Amino acid sequence: MGKKREKPNIVETYMIEGSTIHIADNCMRKDKEEIDRIIDDFHAAGWAILQEAENKVG
């Protein structure tokens, strides 16, 4: 089981369209494997957005 994370200290909240984004000042990731997974997730999300936009255009 993974290590317990502390409760995030939310310092900003943004509402953009249907999304809520919380900014915490105490949740920096330091584990290389977790950072790599997060970067991969962002990369995959970006490609999905690009493919969806291309499909709408035609």
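Tutor: Start with Glu34. Its relative accessible area is 15%, and it is buried. This is a predicted model, where local features need pLDDT of at least 70, side-chain atom pairs count only at pLDDT 80 or more, and totals for chains, interfaces and linings use all residues. Residues are numbered from 1 along each chain as its sequence is written, and side-chain values use heavy atoms, with hydrogens and water left out.

Student: What makes the Glu34 and Arg29 pair a salt bridge?

Tutor: The term requires a side-chain nitrogen of Lys or Arg within 4 Å of a carboxyl oxygen of Asp or Glu. Here the N to O distance is 3.2 Å. Arg29 is at 30% relative accessibility, so it counts as partly exposed.

Student: Why is the Glu34 and Arg29 link also called a polar contact?

Tutor: A polar contact is a pair of N or O atoms within 3.5 Å; within protein, one must be able to donate a hydrogen and the other to accept it, and residues adjacent in sequence count only if both atoms are side-chain atoms. The side chains of Glu34 and Arg29 are joined at 3.2 Å.

Student: How many salt bridges does the structure hold?

Tutor: Four. One of them joins Lys32 and Asp36, with the closest N and O atoms 2.9 Å apart. Both residues sit in helix 1, four residues apart, so about one helical turn separates them. Helices (H or I, at least four residues) and strands (E, at least two) are DSSP runs, numbered from the N terminus.

Student: Are Lys32 and Asp36 exposed or partly exposed?

Tutor: Lys32 is at 59%, so it counts as exposed. Asp36 is at 32%, so it counts as partly exposed.

Student: What is the N to O distance in the salt bridge of Lys56 and Glu52?

Tutor: It is 3.4 Å. Lys56 is exposed at 67% relative accessibility, whereas Glu52 is partly exposed at 46%.

Student: How do you know what span is expected of helix 1?

Tutor: The expected span is 1.5 Å times one less than the number of residues. Helix 1 (residues 32-57) has 26 residues, and its 38 Å from first C-alpha to last is close to the 38 Å expected.

Definitions and conventions: Buried < 20%, exposed > 50% of the residue type's maximum accessible area, 1.4 Å probe, protein only.
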